Each structure stands twice: as C-alpha cells, then as structure tokens.
Amino acid sequence: MITELASQEKVIGVKQSRKAIREGRAKRVYLACDADPAITDPVARQCEALGIPVEGAHTMAQLGHACRITVGASVVAVL
C-alpha cells in the first residue's frame, strides 16, 4: 500500500493532513510508527472518529522516501 504514495494525490505533514481529514478529503492516512505519539495519536483519534483507514506500519524515513521527499514524514494523507 505504501507504493500508492508515489503516484496518488496526497498531503504531507501533520497540519495539512489534519486539515484534509477535517474537510473530508482524506481517503487513507499513514502514520509513522516511530513518530512522537503526541503528534500521531490525535490524528489517529480523528481518523477513527470519521472512519478513515489508518496505516501505521512504516517509519518516518520509509514514508518520506515513498513520498519522494528527502526528509521523514510523520503523517501522510492520501486524498
């Protein structure tokens, strides 16, 4: 599933992802397993409340690489 990040329309980062979730544009959310839970837990709760699937098996480096950025990503939302 992480391969979809290279080709799908997405937003990267906590603020942009939370906005996409709030606006109903997010179809799936990826949370890095090694990110600070203080950052990812509120996003996970928001997704759970809205019924958005969450994937949490990848590291920040893996998510960043899949999104073709040079830094890690703690949250990525596929639109």
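Where does Leu-5 lie? I started my notebook with that one, and the answer is helix 1, residues 4-7. A reminder to myself before going on: this is a predicted model.

**Entry 1: Leu-5**

I looked up the accessibility of Leu-5 and found 0%, so Leu-5 counts as buried. Next I listed what Leu-5 touches, skipping residues up to four places away in sequence: Lys-10, Tyr-30, Leu-63, Ala-66, Cys-67, Val-76 and Val-78. Leu-5 and Pro-53 are 48 residues apart along the chain, and their C-alpha atoms are separated by 15 Å.

**Entry 2: the cores**

Which residues make up the largest nonpolar core? I noted 12 of them: Val-11, Ala-20, Ile-21, Ala-26, Val-29, Leu-31, Val-43, Cys-47, Ile-52, Val-75, Ala-77 and Leu-79. Two or more residues of this core come from each of helix 2 (14-22), strand 2 (28-32), helix 3 (37-50) and strand 4 (75-78). Apart from this core lies another, of 11 residues, and my friend Leu-5 is among them, as are Ala-35, Ala-66 and Val-76.

I picked Val-29 and Val-43 from the list of the largest core. Setting aside residues up to four places away in sequence, Val-29 touches Ile-21, Val-43, Cys-47, Ile-52, Pro-53, Val-54, Glu-55, Val-75, Val-76 and Ala-77. Val-43 is found in helix 3. Is Val-43 buried or exposed? Its relative accessible area is 0%, and since buried means under 20%, Val-43 is buried. With the sequence neighbours up to four places away left out, Val-43 touches Val-14, Arg-18, Ile-21, Val-29, Leu-31 and Val-75. For a distance check I took Val-43 and Ala-73, which are 30 residues apart along the chain and have C-alpha atoms separated by 14 Å.

**Entry 3: helix 2 against helix 3**

I then turned to the helix pair. Helix 2 and helix 3 pack at an angle of about 15°, and their axes are 10 Å apart. Angles under 35 degrees count as roughly parallel, so helix 2 is roughly parallel to helix 3. The crossing of helix 2 past helix 3 is left-handed. On the helix 2 side, the contact is made by Val-14, Arg-18, Ile-21 and Arg-22. On the helix 3 side I wrote down Ile-39, Pro-42, Val-43, Gln-46, Cys-47 and Leu-50. How many residues of this contact are nonpolar, polar and charged? I noted seven nonpolar, one polar and two charged.

**Entry 4: Glu-55**

Glu-55 is found in strand 3, residues 54-58. Its relative accessible area is 23%, and Glu-55 is therefore partly exposed. Beyond residues up to four places away in sequence, Glu-55 touches Arg-28, Val-29, Tyr-30 and Leu-31. I also looked up Glu-55 with Ser-7: they are 48 residues apart in sequence and 17 Å apart in space, C-alpha to C-alpha.

**Entry 5: the loop between helix 4 and strand 4**

Arg-68 is found in the loop between helix 4 (60-66) and strand 4. With a relative accessible area of 67%, Arg-68 is exposed.

Val-71 has its place in the loop between helix 4 and strand 4. Val-71 is exposed, with a relative accessible area of 55%.

Is Ser-74 buried or exposed? I found a relative accessible area of 15%, so Ser-74 is buried. What is Ser-74 in contact with, neighbours within four places in sequence left aside? My list reads Val-14, Tyr-30, Leu-31, Ala-32, Ala-35, Ile-39, Thr-40, Met-60 and Leu-63.

Technical notes. Residues numbered from 1 in each chain as written. Predicted model: local features only at pLDDT ≥ 70, side-chain atom pairs only at ≥ 80, totals over all residues. Heavy atoms only, no water. Core = buried A, V, L, I, M, F, W, Y, C linked by side-chain atoms within 4.5 Å. Buried < 20%, exposed > 50% of the residue type's maximum accessible area, 1.4 Å probe, protein only. Helix = DSSP H or I, 4+ residues; strand = E, 2+ residues; numbered from the N terminus. Contact = heavy atoms within 4.5 Å. Axes fitted to C-alpha atoms, helices over the stretch in contact; angles between N-to-C directions. Parallel < 35°, antiparallel > 145°, perpendicular 65-115°, else oblique. Left-handed = near helix turned anticlockwise from the far one by under 90°. Nonpolar A, V, L, I, M, F, W, Y, C, P; charged D, E, K, R; others polar.
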